[in-house]
Amino acid sequence: MAQPDTKKIFFENLSGAGKAIAVLTSGGDAQGMNAAVRAVVRMGLYVGAKVYFIHEGYQGMVDGGENIREAKWESVSSMLQVGGTVIGSARCKDFRTHEGRLKAALNLVQRGITNLCVIGGDGSLTGANLFREEWSGLLAELVEQGALEADAVQQYSALHIVGMVGSIDNDFCGTDMTIGTDSALHRIIEVVDAIMTTAQSHQRTFVLEVMGRHCGYLALVSALACGADWVLIPEMPPEDGWEEKMCQKLSATRSRGSRLNIIIVAEGALDRHGKAITSSYVKDLVVKCLGFDTRVTILGHVQRGGTPSAFDRILASRIGVEAVLALLETTANTPACVVSLVGNQSVRVPLMECVQMTQEVQKAMDGKRFEEAVKLRGRSFENNLKTYKLLAHRKPESELPVSNFNVAVLNVGAPAAGMNAAVRSAVRVGISEGHKMFAVSDGFEGFSKGQIREFKWADVGGWTGQGGSLLGTKRTLPAKHVEKIAEQMRKHNINALLIIGGFEAFLSLLELLTARGKYDELCVPMVMVPATVSNNVPGSDLSIGADTALNAITATCDRIKQSASGTKRRVFIIETMGGYCGYLATVGGLAAGADAAYIYEEPFDIRDLQANVEHLTEKMKTSIQRGLVLRNENSSENYTTDFIYQLYSEEGKGVFDCRKNVLGHMQQGGAPSPFDRNFGTKISAKAMQWITKKLTETFRQDEGRVFANTEDTCCLLGMRRRALVFQPVVQLTDDTDFVHRIPKEQWWLKLRPLMKILAKYKTSYDVSDSGQLEHVVHNRPKELDASVAM
């Protein structure tokens with residue numbers, strides 16, 4: 001018998017009345033910290049708690065006074081898009097002393113604060129846990145000194161702490177992504193893309209030094225995202241003699257026609273003997289051995305700066321709200337926890353387990369147990385390293401397995417940023433597995449016309465950073481060309497298909513599966529990788545291209561809102577793409593701080609529109625000067641963007657004026673985000689490995705051919721919650737609304753109440769997915785490729 005959703009019911013009655021929550025940022029700053037602060041403040045106020053800012057981190061807690069101030073709803077307006085931390089951060093020696101923590105305890109108790117949200121790195125969170133453990137002793141000491149009344153010890157008997165990890169290095173175990181990491185990757189990739197154009201012009205080699213004193217995550221992932229020739233990270237120092245191997249690799253790349261080389265060095269890179277490998281040493285080495293014109297670029301604090309990415313804003317908002325829920329549910333016996341991201345889910349993990357695991361990584365590195373250090377970083381880091389090695393370092397022909405299989409890769413549907421990274425990955429992994437790789441131009445239309453050619457390793461060089469589809473893509477489905485497609489498959493002896501695309505790719509696989517009964521040529525392993533800005537493919541929570549589109553929407557919304565600064569009160573109505581899928585409008589609205597987002601999946605009528613106008617009118621009477629409303633292009637047949645614009649203009653007369661903007665195809669264009677480059681690269685690599693496995697399983701020795709006609713040889717590879725999963729497409733038909741081209745169930749709909757709460761609407765919030773406390777060592781299922789893109 002199904003159990004009632006007690007957590008959902010519990011939240012309806014959950015109250016923070018009488019509680020005081022304080023939020024502080026500590027240690028190094030990271031983009032997205034402000035989004036987390038905003039979420040904590042607004043969720044805290046929403047549940048009826050008092051919320052305080054602690055300015056300047058632990059120093060402000062020790063100094064007290066004006067550093068600890070009560071926060072209002074308006075206090076966090078217009079901070080979502082601001083980098084760094086507006087409440088300040090400082091490294092504090094005083095808090096490391098017993099006397100300092102005694103002062104901090106007094107300052108908190110005087111304001112009735114017994115709940116702390118700490119946003120920082122492992123040092124900040126360890127300090128918070130020590131403070132919690134000492135709390136009752138500190139209060140007893142303050143009573144002895146006469147600074148507190150005796151009943152205060154009883155009233156404020158326990159300090160509750162929830163941590164959120166803010167660190168651009170992504171060096172904290174227990175979470176797949178820390179706040180700020182994705183934004184730092186954006187800064188690095190922006191610089192690399194810019195440098196590549198000048199490097200190509202002059203046939204130069206560039207050595208880029210990125211942050212990461214003890215963790216090579218930024219170096220490794222940016223190398224994967226830009227297709228760097230060489231990367232040096234502290235977790236996996238190069239083997240002795242690496243200098244010669246690196247120079248051979250650079251020389252081989254140039255000999256294949258490349259006009260540039262990119263080498264990425266983490267600032268903490270070491271060799272096997274613990275000697276630092278600096279960017280200047282690498283530069284001198286290249287000049288001495290190869291004579292290449294070589295330059296060094298040290299990115300430094302550029303990586304910490306700038307506006308947070310859409311990913312960081314959403315991550316920080318989600319875990320900020322989760323942190324408040326965790327504080328409301330905590331008891332005196334609950335261990336201090338960290339709210340983190342595993343796969344696509346927020347989870348709670350014990351703070352000290354995470355800290356201890358993080359320290360284990362450093363111990364393994366200090367003890368030169370490098371393989372162990374990589375494993376301790378987690379499956380995501382380990383997989384990044386394996387994928388980079390697979391794609392960057394080409395094995396000699398003599399070492400490649402010989403499979404005698406031909407695999408074709410094609411794009412289907414509308415172009416999406418990251419498609420080219422997926423094609424590059426497929427081609428190179430396929431070659432490494434011993435297959436001949438064929439690329440098809442212009443989707444199934446090109447397939448039927450024989451626009452097929454073999455691709456070599458070098459043919460996909462430099463593809464990761466290119467937007468759109470270099471192969472060309474069309475929406476044409478295969479059914480009307482199926483005979484010609486079968487003929488081309490026979491002519492080129494195609495033994496497997498990898499299709500990269502959106503809903504059309506899903507429909508194509510279903511049509512090809514049906515046609516297997518008539519054409520034996522189609523009885524081959526087939527797999528699709530979801531790639532569409534709409535993120536409307538059934539069987540996958542995420543699609544290649546959606547993150548780039550979200551960043552385009554978020555950046556445009558930021559600019560549009562800024563255009564109204566200093567003017568009278570103004571509301572912007574913005575139309576997004578997505579067909580009938582409201583993903584871009586909803587998640588873009590959450591990232592941009594929208595007041596409302598109209599989507600097809602959540603029907604609305606004139607009363608809802610009127611309520612939204614009244615809500616905005618009320619907000620505009622306070623200090624809030626700008627409103628933002630998003631509308632999905634197909635959210636309603638009658639309530640069009642023009643209608644909503646005219647309604648808001650009329651009803652808002654005398655309070656605010658209105659502007660509208662249709663974003664259009666700018667959401668589909670541009671260079672892919674780091675997330676989409678890596679998602680495309682890694683998901684495509686996994687798909688190719690599946691193809692190799694299925695080719696081996698379905699090869700008939702007696703007939704000398706591949707014959708695959710079972711459901712499990714025609715799959716979609718998608719991200720489901722925490723794992724990458726291969727699903728037979730025929731099993732996904734019941735989960736699909738074919739008329740509106742969307743899945744029947746969509747995970748992101750649970751984010752809509754979150755957007756409404758942060759926009760000051762009263763609503764119920766489904767917390768059935770909220771984090772139960774999990775243990776670090778047990779929170780990774782076997783198939784997990786956590787935060788699979790990153």
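Author: What follows is a chat about confidence, overall shape, salt bridges and aromatic pairs.

Author: This is a predicted model, so to speak of local features I need pLDDT of at least 70, side-chain atom pairs count only at pLDDT 80 or more, and totals for chains, interfaces and linings use all residues. Residues are numbered from 1 along each chain as its sequence is written, and side-chain values use heavy atoms, with hydrogens and water left out.

Reader: OK, what does the protein chain average in pLDDT?

Author: The average is 91, and 95% of the residues score at least 70. pLDDT is the predictor's confidence in each residue, from 0 to 100.

Reader: Where does pLDDT stay under 50?

Author: Residues 1-11 are one such stretch, with 16 contacts beyond four places in sequence. Residues 778-790 are also below 50, and that stretch has 52 contacts in the model beyond near neighbours in sequence. A contact means heavy atoms within 4.5 Å. Where pLDDT is low, the predicted coordinates should not be read in detail.

Reader: Switching to charges: how many salt bridges are in the whole structure?

Author: A search finds 39, each one a side-chain nitrogen of Lys or Arg within 4 Å of a carboxyl oxygen of Asp or Glu. In one of them, Glu134 meets Arg101 at 2.7 Å, N to O. Glu134 is in helix α5 and Arg101 in helix α4, so the pair ties together parts 33 residues apart in sequence.

Reader: Is Arg101 buried or exposed?

Author: Arg101 is buried, at 7% relative accessible area, while Glu134 is partly exposed at 21%.

Reader: What about Asp642 and Lys660?

Author: Their side chains form a salt bridge at 2.1 Å, N to O. Asp642 lies in helix α22 and Lys660 in strand β20, so parts 18 residues apart in sequence are tied together. Asp642 is partly exposed at 38%, and Lys660 counts as partly exposed at 42%.

Reader: Which residues are linked in a network of salt bridges?

Author: Asp520, Arg700, Glu703 and Arg705.

Reader: Now rings. How many aromatic pairs does the structure hold?

Author: The structure has 19. Rings of Phe, Tyr and Trp (its six-membered ring) pair if their centres lie within 6.5 Å; planes under 30 degrees apart count as stacked, over 60 as edge-to-face and the rest as tilted. Phe405 and Phe699 are edge-to-face, 5.7 Å centre to centre with 75° between the planes. Phe405 sits in the loop between α14 and β12 and Phe699 in strand β21, so the pair ties together parts 294 residues apart in sequence. Phe405 counts as buried at 12%, but Phe699 is partly exposed at 29%.

Reader: Which residues form an aromatic cluster?

Author: Tyr58, Phe95, Phe131 and Trp135 form one.

Definitions and conventions: Helices (H or I, at least four residues) and strands (E, at least two) are DSSP runs, numbered from the N terminus. Buried means under 20% relative accessible area, exposed over 50%, partly exposed in between (1.4 Å probe, protein chains only).
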